[in-house]
Amino acid sequence: MPSSPSSSAQAARKGVADRLRELMLDAGLNGKELAARCGWTPAKTSRIINAKTPPSDQDIRTWCTACEADDQADDLIAKSRQAGSMYVEWRRMERSGLRQAQEAVRPLYERTRHFRAYAPWVLPGIFQTRAYTTAILTAIRERRGLLDDVAAAVNERMDRQHILHDGPHRFAVLIEESTLRNGLGGRPVMLDQLRHLLAVSRLPNVSLGVLALRPDRDKAWPVEGFWIYDTTQVNVELISGYLTITQPSEIAMYADVYAELSAQAVHGAPARALITAAINALG
């Protein structure tokens with residue numbers, strides 16, 4: 001199982017901190033001596049070394065100068081910026097509204113050939129109806145106090161769904177059976193959504209698996225929802241933000257979890273039977 005969903009970002013921050021510590025030691029300095037050369041407190045040096053406080057670009061340049069390693073500054077600044085971009089708060093990503101956040105992921109969707117996704121709470125956006133998407137994004141806007149551009153954001157998500165039918169894109173998606181029965185958007189919206197899901201599940205480039213509700217699930221437990229884009233990136237949506245994972249070892253961990261969950265899911269006709277049962281329960 002993946003550890004903390006923010007472990008990639010923290011590992012990257014620690015990598016920068018460890019390299020700064022190495023430069024300090026290579027220069028024959030201790031924390032107090034480096035702090036004196038930099039003109040700040042020893043406590044700040046300690047926080048940076050222990051990856052508790054991310055250094056600013058200027059902090060890194062000052063540190064490298066103090067260690068007579070100015071040639072290392074640009075590379076470390078680039079690594080520090082990359083670590084900072086792995087985790088993005090929703091309020092930063094959505095400061096200009098939901099439409100811009102939807103547009104931001106379009107290039108990733110367009111270039112990805114093989115999608116693998118696990119959706120434990122909400123049906124994936126690529127399979128959503130307009131009404132279901134509207135209900136989801138309206139709730140998000142109200143929760144986060146965003147400007148009201150839901151209609152434009154919905155249009156962007158609907159337009160992005162062209163990749164279901166255009167180009168060499170393959171989709172392998174796993175959902176929890178509870179996602180079929182949580183009633184998001186109300187009964188009419190959910191009924192239409194489930195009927196649409198049945199139709200989408202029959203597309204030749206779509207593999208849909210459902211993890212059935214059962215009293216004896218002793219492995220492949222639910223985890224955070226995630227998307228794997230080819231073998232280059234994993235995105236995880238959290239309550240507070242959006243995590244991008246690019247570290248190969250962690251991508252492999254999510255791929256392993258996907259395989260474990262997929263092995264416990266039902267696919268094809270049995271999966272469609274569960275969707276049909278959810279439709280009948282609403283009827």
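This is a predicted model: local features need pLDDT of at least 70, side-chain atom pairs count only at pLDDT 80 or more; totals for chains, interfaces and linings use all residues.
Because Arg217 lies in the loop between β4 and β5 whereas Glu176 belongs to strand β3, the pair ties together parts that are 41 residues apart in sequence.

## Other salt bridges

The count of salt bridges comes to 13, and those that share partners join Arg106, Glu110, Glu156 and Asp159 into one network. Lys44 and Asp59 also meet in a salt bridge, at 3.0 Å from N to O; this pair links distant parts of the chain, with Lys44 in helix α3 (residues 42–49) and Asp59 in helix α4 (residues 57–66), 15 residues apart. Asp59 is buried, with a relative accessible area of 12%, while Lys44, at 21%, is partly exposed.

Within helix α1 (residues 7–26), Glu22 and Arg19 are 3 residues apart and so are separated by about one helical turn. Their salt bridge brings the closest N and O atoms to 3.0 Å, and both partners are partly exposed, Glu22 with a relative accessible area of 39% and Arg19 at 26% relative accessibility.

## Aromatic pairs

A search of the whole structure finds 10 aromatic pairs. One of them, formed by Tyr109 and Tyr229, is edge-to-face, with 5.8 Å from centre to centre and 65° between the planes; it links helix α8 (residues 106–111), which holds Tyr109, to strand β5 (residues 226–229), which holds Tyr229, across 120 residues. Both tyrosines are buried, and Arg160 lies over the face of Tyr109 at 4.5 Å from the ring centre.

The rings of Phe115 and Phe171 have centres 4.6 Å apart and planes at 10°, so this pair is stacked. Phe115 lies in strand β2 (residues 114–119) and Phe171 in strand β3 (residues 170–176), 56 residues apart. Phe115 is buried at 0% relative accessibility, as is Phe171 at 2%.

## Nonpolar cores

The largest nonpolar core has 35 residues, of which Phe127, Phe171, Ile175 and Leu180 touch the most other members. Elements that each supply at least two of its residues include α8, β2, β3 and β5, and the largest share, 7 residues, comes from α12. Leaving aside residues up to four places away in sequence, Ile175 touches several residues, among them Leu123, Leu180, Leu197, Leu208 and Leu211. Apart from this core lies another, of 20 residues, including Leu20, Leu34, Ala35 and Cys38.

Methods
Residues are numbered from 1 along each chain as its sequence is written. Side-chain values use heavy atoms; hydrogens and water are left out. Rings of Phe, Tyr and Trp (its six-membered ring) pair if their centres lie within 6.5 Å; planes under 30 degrees apart count as stacked, over 60 as edge-to-face and the rest as tilted. Helices (H or I, at least four residues) and strands (E, at least two) are DSSP runs, numbered from the N terminus. Buried means under 20% relative accessible area, exposed over 50%, partly exposed in between (1.4 Å probe, protein chains only). A charge sits over a ring if NZ of Lys or CZ of Arg is within 6 Å of the ring centre and within 35 degrees of the ring normal. A nonpolar core is a set of buried Ala, Val, Leu, Ile, Met, Phe, Trp, Tyr and Cys residues joined through side-chain atoms within 4.5 Å. Contact means heavy atoms within 4.5 Å. A salt bridge is a side-chain nitrogen of Lys or Arg within 4 Å of a carboxyl oxygen of Asp or Glu.
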